[in-house]
Amino acid sequence: MHLLHFYDVHHILEEQFVCAVFMLLLLVMLCYSAVMVPTTKRHIDLSYREMHRKISNDKKVEWGGIFSVDELRIAVRKYWVMAQTGSSQFVVARSVTCAASGLICLLMGLTLLQVERRKFSYEGKVSSNYKWSIKLILLVQSIGVAVGGIAPVMRWFVAARLKSSKVGHKSFRDELKVETYWTQRLVQLRDRSVPIQIAPRIPRKLLHYAKGSLLNPCIKVQVAIVRASKLSLLFSAVCVKGLVFCFHHIKNLNAHCCNLKESVDVEAEMDYSRYVLLLEGESELPQKTLRNICSEVDKLIQKGRKEQPINFIELLNKSVNFNGVGEFDTNKYSDREPPNCWSMPVVTLTSIAVSLADNKRVNQLSSAVSEGLYFAKLIEKTLEKNDDLTIIRRAADMIWVGVEFSKKWLDVDLRNTNLMYLSNNAGKIVNDFTTETRSDLLMQNPVNWPDKVIAAHSMYRITQTILLAHTDNDSQTDEELFERLSIMISGIFAACLTNLVSAITLKCHNNAIEEREQSVSRAAILLGKSEEILEIIQQRDLPRMDPKKSANIEEWRAFMALNPPASVSASSNNGAANPHSNAEQVSVEIRG
């Protein structure tokens, strides 16, 4: 016998009609919810900027100031809370229309459950031409509805649970009040002039009135949807409050213990609720939700801790100050020479060090420098926007690839060379280039030089500084020079890393709403990676230079030239000299 002979056709049509109406409602609610997104983004963005200004005016965590890793971690948490609660997805997810759509999904799921119940009641009494396939279709549909309805139903329940604690705090009229951001976009479109240029006044007037006649019903529909959503949420909250009241007595003792424990934890933690970005009329987030948001960023920080650069930390501990910045090249730069970035002297010094030691020590140093260059490049890209230095960093990257993987500086095998050969070879490259291009106006600007020549210029200056510093100290062994260069590299990295706090806080702040969450997550992981590094830097006395200039190595060198270190560095104890009188002998002449 055919299946339809046994089914109540009237009930089937009712269920189909109800489901169709529910789906139509979901579509209309989705469209009208999308209208308020641009307005809410603007409101959230204004709130974010105001909160960012307040955080900036609080106790500053920046270069040259007294800071701790805990303070930096708190700052990252603040930005994470703002990024999470201000994201468009989270704003829409906690809206009343989203909660109402969850209730509709629940009602549709109950309707499907009724169909399933009737199907089992007719099991064995009916037959179908589709045989087993009809059961498979119903099973797939049921699974799809169940999986797709879990998230919206959970959002509805959470919203109702939160609303249940607020029931009775407002009048019924206030509960159904429609905030301005729901209709602001439509009202603005209605009140604006027609963007079509029509010369006669009467047609423009008629067109404006026609636009108003079209948008006024849309505004009324939007108001009706929001009020119906709020009413359904209020009804749901009352029902959930009754359920919670019943379960409260069953688990009273256990709940009391948990609440006592939670209250202690909340008091021990900082209150981040004032950093939650809320819209007009929105209730505060529950403490449990706020703690879950904070725990997410804590997990990111913990993830970073597992990736801490062990070799680099060991290298960083070799120096006790920042004197390496002023020692790697003690000669004055002219305007017709390429500027320096943090990466270039580090890569050049490492190239020289590779030619001095055995493979084990070389590999350890290369690994440490590679880990350190990650932080140096990040600081340079975040804080230093000079396009000229981007070219120098590119040249340093090119050299480092050969040093790290092939132990070669340009085409020179560093395992079969010496300091004098590196100096002569680099000087020849620079002089040959300047001779060939003396009439080329473009090449008169050193930032236009090829990467190879920029790297050779750095190698020549640094090797000449080392050779001149050790003219009277021929007894120094390769191992001792290797150790001195390692300390010098450590000092340069240490000076660069004084800007790490500023780089992390700057990464936390992002003007684009869509990119804030990802930007703060990267900052949190970076914080976890660099916690021990920050503690090492914190123990050193920072020079009193302008924080705005601290991201530039040339500013460091100029400051240290005017303010020589009061104490002698560990590298200076190994016999380093300061041959300022030989500056003219070391600099490469660029003949114009």
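**Close-up views of a predicted helical chain**

View 1. Y79 sits in helix α2, residues 69-86. Helices (H or I, at least four residues) and strands (E, at least two) are DSSP runs, numbered from the N terminus. The model is predicted: local features need pLDDT of at least 70, side-chain atom pairs count only at pLDDT 80 or more, and totals for chains, interfaces and linings use all residues. Residues are numbered from 1 along each chain as its sequence is written, and side-chain values use heavy atoms, with hydrogens and water left out. Y79 is buried, with a relative accessible area of 5%. Buried means under 20% relative accessible area, exposed over 50%, and partly exposed in between (1.4 Å probe, protein chains only). Leaving aside neighbours within four places in sequence, Y79 is in contact (heavy atoms within 4.5 Å) with Y48, H52, I55, S56, C508, H509 and V520. With H52 there is also a polar contact, side chain to side chain, at 2.7 Å. A polar contact is a pair of N or O atoms within 3.5 Å; within protein, one must be able to donate a hydrogen and the other to accept it, and residues adjacent in sequence count only if both atoms are side-chain atoms. The C-alpha atoms of Y79 and V297 are separated by 9.9 Å, although the two are 218 residues apart along the chain.

**View 2. A charge over the ring of Y48.** Y48 is one of the residues that Y79 contacts. R516 lies over the face of Y48, 3.6 Å from the ring centre. A charge sits over a ring if NZ of Lys or CZ of Arg is within 6 Å of the ring centre and within 35 degrees of the ring normal.

View 3. A pair of aromatic rings is described by the distance of the centres and the angle of the planes. Rings of Phe, Tyr and Trp (its six-membered ring) pair if their centres lie within 6.5 Å; planes under 30 degrees apart count as stacked, over 60 as edge-to-face and the rest as tilted. By this rule there are eight aromatic pairs. The ring centres of F312 and F375 are 6.0 Å apart and their planes lie at 20°, so this pair is stacked. F312 belongs to helix α11 (residues 310-316) and F375 to helix α14 (residues 359-383), so the pair ties together parts that are 63 residues apart in sequence. Both F312 and F375 are buried. Ring pairs link F312, Y374, F375 and F493 into a cluster.

**View 4. Helix α14, from its cap to its last residues.** D358 caps the N-terminal end of α14, with a side-chain oxygen 3.1 Å from the backbone nitrogen of K360. The 25 residues of α14 should span 36 Å at 1.5 Å a residue, and the end C-alpha atoms are 35 Å apart, which agrees. The expected span is 1.5 Å times one less than the number of residues. L373 lies in this helix and is buried, with a relative accessible area of 2%. Beyond four places in sequence, L373 touches S343, V346, V347, W400 and F493. L383 contacts N499, S502, A503, L506 and A551, neighbours within four places left aside. From L383 to A503 the C-alpha distance is 6.6 Å, across 120 residues of sequence.

View 5. Most residues other than glycine have a negative phi, and most peptide bonds are trans. K407 has a positive phi of about 55° although it is not a glycine. K407 occupies the loop between α15 (387-406) and β1 (408-409) and counts as buried, at 12% relative accessibility. L410, in the loop between β1 and β2 (412-413), has a phi near 55°, again positive in a residue other than glycine.

**View 6. T183 in helix α7.** T183 is placed in helix α7, residues 180-191. T183 is buried, with a relative accessible area of 12%. Residues up to four places away aside, T183 touches I219, Q222 and V223.

**View 7. The whole chain for context.** The protein chain has 22 helices and two strands. Of its 592 residues, 43% are buried. Among contacts with a separation of 6 or more, 84% join residues 24 or more positions apart.
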